[in-house]
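Here is a short note for a colleague who is opening this structure for the first time. The points are numbered so that each can be checked against the view.

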Amino acid sequence: MGGEAVSGRGTAVVIGGGLAGTLAAWALRDAAERVVVVERDRYPEQPAFRSGLPQGRHAHLLLAAGHQVLEELMPGSRAELLAAGAVGVPLASDLRWLSSAGWMAEHRSELVFLSCTRPVLDHVVLDRVRGASSVEFLEGTEVVGLLGTAGRVTGVRLRERGTEGETRELAAELVVDASGRSTSVAGWLAALGIPAVPEERVDAGVAYSSRIFKRPTGVEFRHQALYIQTKAPDDPYLAVLLPVEGDRWIVSLGGMRGAEPEPGEEGFRKHLGLLRDPTLRELLAEAEPDGEVRGFRPGPGVRRRYERRSPEGLVALGDAACTFNPVYGQGITVAAMSARALGVAVARHGGIGPAAAAAARRAIARVGKDPWVMSSTEDVRFAATAGGPSGALIRFQHRYLDRVLARATTDAHVCDRFQRVMSLVAPPTTLFHPSVLGPVLRGPR
């Protein structure tokens with residue numbers, strides 16, 4: 001939408017102080033005179049689960065690409081995570097992965113991801129952002145509306161959380177929505193007379209049940225992490241085990257619609273018995289729980305197309321821009337990549353004005369496109385999924401990926417290429433390179 005250009009560095013407001021929001025603030029720290037992060041919660045002094053991040057109690061995976069981007073944005077963050085107890089997991093040797101076609105082949109790879117609980121990751125990033133002189137935090141404060149017109153967002157309306165008192169206004173040249181899955185921005189835009197942002201939705205009905213365990217001594221498991229994938233269309237159960245700080249495991253069990261874990265300890269044990277491989281059940285037989293069973297229903301995947309329609313002065317990233325089915329582990333990596341794209345846009349345009357915001361919206365859309373296509377295409381394999389892509393091309397992609405996975409159980413090179421794509425360090429077109437295409441078309445050996 002048109003309008004008079006906004007010059008100067010000015011003020012940027014970031015709605016939401018989770019990982020996406022703090023990374024966005026970091027990316028804006030040199031482009032804006034003032035970056036204000038508005039966070040509904042109050043941060044704990046030490047890493048701890050918080051109520052405003054219900055998904056934080058479940059297994060989180062910053063993929064290899066995410067760690068590469070985080071280290072680029074915040075040099076030294078890898079060392080800080082390791083010092084905080086994160087565990088380095090070499091993808092090739094220490095992740096035991098049961099795909100829909102079988103166990104992934106052993107192969108060589110330089111890719112490593114760091115595994116820790118979400119509070120540790122968030123705290124390392126938060127500490128770094130708090131050190132930026134241009135960034136300030138308004139904790140215990142919530143945004144209740146946007147300022148502006150149908151053509152431009154010019155700030156936000158704030159209120160102390162938990163009160164019905166008067167609101168106050170905070171003017172800004174740029175507003176960044178990083179408020180996550182529960183974003184209210186659509187309603188606020190409607191109040192300004194702005195048409196709804198185009199969006200795509202797919203809902204596989206996934207639900208999670210998670211628990212942390214003390215790692216038992218004497219257990220024979222030569223890998224550090226385990227992933228038991230769904231096998232569409234008839235086996236909608238999944239599980240992941242990741243090592244975390246304190247010599248513990250975090251275990252998340254999940255299922256698509258109709259296969260959701262039942263609540264509590266009994267539901268957790270029952271779901272373990274429904275997995276198509278007994279490895280995880282056997283590993284946990286002697287493991288001592290270190291906390292309660294926690295459930296989570298993330299809701300549908302939503303891709304909001306802000307690059308197609310948006311007022312000036314607004315950018316969305318993280319789950320507020322594109323919410324994925326968490327089973328693919330893409331969300332926080334895409335958030336980090338989107339923060340980098342935001343930083344590149346404001347640096348290239350010399351500030352936080354309309355041109356930078358428009359460039360950021362386009363770049364963030366490009367970052368999310370491939371992960372969205374990958375996850376939504378897989379979601380629709382299950383008959384109970386609502387929405388999502390369909391047609392001859394999708395059926396072809398399913399058949400081809402099935403052949404890739406079958407070959408990846410025996411072919412080290414194909415397995416490596418597939419895992420690089422899933423780690424977001426390589427584009428999906430990698431799977432059509434002649435070095436992959438030939439073996440895949442020949443079939444399993």
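1. The model is a predicted one.

2. From α2 they are A65, G66, V69, E72 and L73, and from α9 they are T333, A336, M337, A339 and R340. Sorted by class, the contact of α2 with α9 holds six nonpolar, two polar and two charged residues.

3. The axes of helix α1 (residues 19–28) and helix α5 (residues 118–130) come within 10 Å, with a crossing angle of roughly 25°. Angles under 35 degrees count as roughly parallel, and α1 and α5 are therefore roughly parallel to each other. Their crossing is left-handed.

4. On the α1 side the contact involves L19, T22, L23, A25 and W26; on the α5 side it involves R118, L121, D122, V125, L126, R128 and V129. By class, the residues of the contact of α1 with α5 comprise eight nonpolar, one polar and three charged.

5. Is T22 buried or exposed? T22, a residue of helix α1, has 2% relative accessibility; buried means under 20%, so T22 counts as buried. Leaving aside residues up to four places away in sequence, T22 touches G17, Y43, V125, L126, V129 and F137. Among these, V125, L126 and V129 belong to the α5 side of the helix contact.

6. Now the sheet. In which order do the five strands of the open sheet run? The order is β7-β2-β1-β11-β20, and the pairing is parallel. At the edges stand β7 (135–139) and β20 (314–316); each has a single partner strand, so one side of each is left without a neighbour in the sheet. From one strand to the next, the twist averages 20°.

7. Strand β1 (residues 11–15) pairs with strand β2 (residues 34–39) in the parallel sense, over five bridges. As an example, V14 has V37 in β2 as its bridge partner.

Terms used
Residues numbered from 1 in each chain as written. Predicted model: local features only at pLDDT ≥ 70, side-chain atom pairs only at ≥ 80, totals over all residues. Heavy atoms only, no water. Axes fitted to C-alpha atoms, helices over the stretch in contact; angles between N-to-C directions. Helix = DSSP H or I, 4+ residues; strand = E, 2+ residues; numbered from the N terminus. Parallel < 35°, antiparallel > 145°, perpendicular 65-115°, else oblique. Left-handed = near helix turned anticlockwise from the far one by under 90°. Contact = heavy atoms within 4.5 Å. Nonpolar A, V, L, I, M, F, W, Y, C, P; charged D, E, K, R; others polar. Pairing = 2+ DSSP bridges. Buried < 20%, exposed > 50% of the residue type's maximum accessible area, 1.4 Å probe, protein only.
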